[in-house]
Amino acid sequence: MTYPRGSYGPGRAIDVNVEKPAVIILDMAKGYHWTPGSAGYDMVARVKRLKDAAHAAGVQVIHVHSLRRPTDGRPSEMMVNTEALDIIPELEPMDRDIIIYKRFRSGFSYNDLDYTLRTMGCDCILIAGASTDNTVLFTAADAAECRYKAVVVEDCTMVHRDVDRQASHEGALRIIRQVVGGDVISLDEAIATYLKPA
């Protein structure tokens, strides 16, 4: 179910103005091979700018990425107790940043992200990271289901796959706009609207 603009906010019937956003950075850990020259690496600098703007504005930053265990029966480089789970150096978390591990596609899957956001009184999440057609899309959908305002920062997302990369990116953003009811905005707009310096 999607909620009309103006009715987001956990447990709120009407909430026209965003009171407390948070920035969610998805799948920017070493296990995803974010190295200079790799596909989408140019996005890292923009995500860092978003993260720095959030810190300057006193907005909470939450890093969310996958964690796998041998008992999951799914091959993955994101295994528990490995360096793959470390955030890439370019986005090194600050002391007050939060790291949460997801167990499937959505940033909300089988973890305490919703609980963490609710305890802080957040009503809006700015979503960055990868992949637009996978984790970003599923996270935006779950955010809307949980009644947060979902805002995807378009130039801070990308698709990992080599095949149909741009078409997949645009298709996912269209679903977020038209089906999920989320907003899709630029990095500059996200900073100007939600991350004004404190």
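**Basis.** I worked from a predicted model, in which local features need pLDDT of at least 70, side-chain atom pairs count only at pLDDT 80 or more, and totals for chains, interfaces and linings use all residues. I number residues from 1 along each chain as its sequence is written, and side-chain values use heavy atoms, with hydrogens and water left out.

**Sheet.** I took helices (H or I, at least four residues) and strands (E, at least two) as DSSP runs, numbered from the N terminus. Two strands pair if DSSP finds at least two bridges between them. Strands of a sheet pair through backbone hydrogen bonds, either parallel or antiparallel.

I then looked at β4 (residues 124-130) and β5 (residues 149-158), which pair in the parallel sense over six bridges. M158 in β5 is the bridge partner of A130.

Contact means heavy atoms within 4.5 Å. Axes are lines fitted to C-alpha atoms, for helices over the stretch in contact, and angles run from 0 to 180 degrees between N-to-C directions.

**Helix pairs.** Two packed helices are described by the angle between their axes and the distance between the axes. For α1 (residues 43-57) and α5, I noted axes that come within 11 Å and cross at roughly 5°. R46, R49, L50 and A53 of α1 meet L187, D188 and I191 of α5. I sorted the residues of this contact into four nonpolar, no polar and three charged. Here Ala, Val, Leu, Ile, Met, Phe, Trp, Tyr, Cys and Pro count as nonpolar, Asp, Glu, Lys and Arg as charged, and the others, Gly among them, as polar.

I turned next to α3 and α4 (residues 165-180), which pack at an angle of about 10° with axes 9 Å apart. That makes α3 roughly parallel to α4. Residues making the contact include V136, L137 and A140 of α3 and A172, L173 and I176 of α4. The residues of the contact divide into ten nonpolar, three polar and one charged.

I found a cis peptide bond from A130 to S131, with omega near -10°. S131 is in the loop between β4 and α3. H33 is not a glycine, yet has a positive phi of about 60°; H33 lies in the loop between β1 and α1.

Methods:
Parallel < 35°, antiparallel > 145°, perpendicular 65-115°, else oblique.
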